[in-house]
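Reader: Hi, could you go through this one with me slowly? I am still learning how to look at a model like this.

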Amino acid sequence: MTQTSSGKKETPPIKTSQSPLMAINNLIAGSNKDGGQMAIYASLFNIPFAGISMVDGRPYINTLGLEWKLKDHPGTLRIVGQKFLSRHQKAGDLALVKVWGEQQGVGYISAIGSASAGNLNSRTREYPNEMAETRAKNRLLRRALLPFFYEDFYKNVEVLGKTAINFLKTGKITDLVSV
């Protein structure tokens, strides 16, 4: 949407030759609330709306989204171990956790998560050990599940792209959450 000098909002003209991916990009850009963007990303990756978080204005697949995808592909990864390499005990300490698992068709894979007061937000700053565990586990899940996320993305971009083009042609999108 653009605003004219009189204050009236107008939808920019749509090029009918627009690719589905471009249409999705335009739809996301035109969604003025994080909720609209999160809904689009959740649809693209076949995960629940709550499985997407907006972090610094960018979409992030959170723990729920990762675990949802693992539920759809149960034999993909089996987490077999976790070890604290260092624990946060006093100000300035770094919590460092290694998590490893067995990935189907690959073998053993591992990931490390770190956390300190300096890289946590105000809500989680007092829980660096727990956040290091969460980050390590999420990184391991992301590594194992990434092919499935991309597979879903490419399957859905064509379908959602056509829907996005049709929505954009109506000029009625102001908030995807309420559509």
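Reader: Which residues lie nearest the centre of the largest pocket?

Author: In this predicted model, the largest pocket has 16 lining residues, and those nearest its centre are Val-55, Tyr-60, Asn-121, Met-131 and Arg-135. The volume of this pocket comes to about 560 Å³.

Reader: Which element gives the most to that lining?

Author: Helix H4 does, with six residues. S3 and H4 are each the source of at least two residues of the lining.

Reader: And how does the lining divide into nonpolar, polar and charged residues?

Author: Four of the lining residues are nonpolar, eight are polar and four are charged.

Reader: What is the bridge partner of Ser-53 in S4?

Author: The partner is Tyr-60, and the pairing belongs to a set of four bridges that join strand S3, residues 52–55, to strand S4, residues 58–61, with the two strands running antiparallel. S3 and S4 make a hairpin that has two residues between its strands, and Asp-56 in the turn has a positive phi of about 55°.

Reader: Which other residue has a positive phi, near 55°?

Author: Asn-46, which is not a glycine, has a phi near 55°. Most residues other than glycine have a negative phi. Asn-46 belongs to the loop between H2 and S3, and it counts as partly exposed because its relative accessibility is 37%.

Reader: Changing topic, which residues touch the most other members of the largest nonpolar core?

Author: That core has 29 residues, and the ones that touch the most other members are Leu-44, Phe-45, Ile-47, Ile-52, Ile-61 and Phe-149. At least two core residues come from each of helix H2 (34–45), S3, strand S5 (77–86), strand S6 (95–103), strand S7 (107–115) and helix H4 (128–170). H4 provides the largest share, which is nine residues.

Reader: What is Phe-149 in contact with, leaving aside its neighbours in sequence?

Author: Once the neighbours within four places in sequence are left aside, the contacts of Phe-149 are Phe-45, Ile-47, Ile-61, Gly-65, Leu-66 and Lys-69.

Reader: Now Lys-98: where is its place, and how far apart in space are Lys-98 and Lys-83?

Author: Lys-98 lies in strand S6. Although Lys-98 and Lys-83 are 15 residues apart in sequence, their C-alpha atoms are 5.3 Å apart. Lys-83 is also one of the residues in contact with Lys-98 beyond four places in sequence, and the others are Gly-81, Gln-82, Leu-85, Ser-110, Ala-111 and Ile-112. Lys-98 counts as partly exposed, because its relative accessibility is 32%.

Methods: Residues are numbered from 1 along each chain as its sequence is written. This is a predicted model: local features need pLDDT of at least 70, side-chain atom pairs count only at pLDDT 80 or more; totals for chains, interfaces and linings use all residues. Side-chain values use heavy atoms; hydrogens and water are left out. Two strands pair if DSSP finds at least two bridges between them. A nonpolar core is a set of buried Ala, Val, Leu, Ile, Met, Phe, Trp, Tyr and Cys residues joined through side-chain atoms within 4.5 Å. Buried means under 20% relative accessible area, exposed over 50%, partly exposed in between (1.4 Å probe, protein chains only). Contact means heavy atoms within 4.5 Å. On a 1 Å grid over the protein atoms alone, a cavity is a set of points where a 1.4 Å probe fits but cannot get out, and a pocket is an open set with protein on both sides within 12 Å along at least five of seven lines; lining residues have an atom within 4 Å of a point. Grid points are joined across faces, edges and corners, and a volume is the space filled by probe spheres set on the points. Ala, Val, Leu, Ile, Met, Phe, Trp, Tyr, Cys and Pro count as nonpolar, Asp, Glu, Lys and Arg as charged, and the others, Gly among them, as polar.
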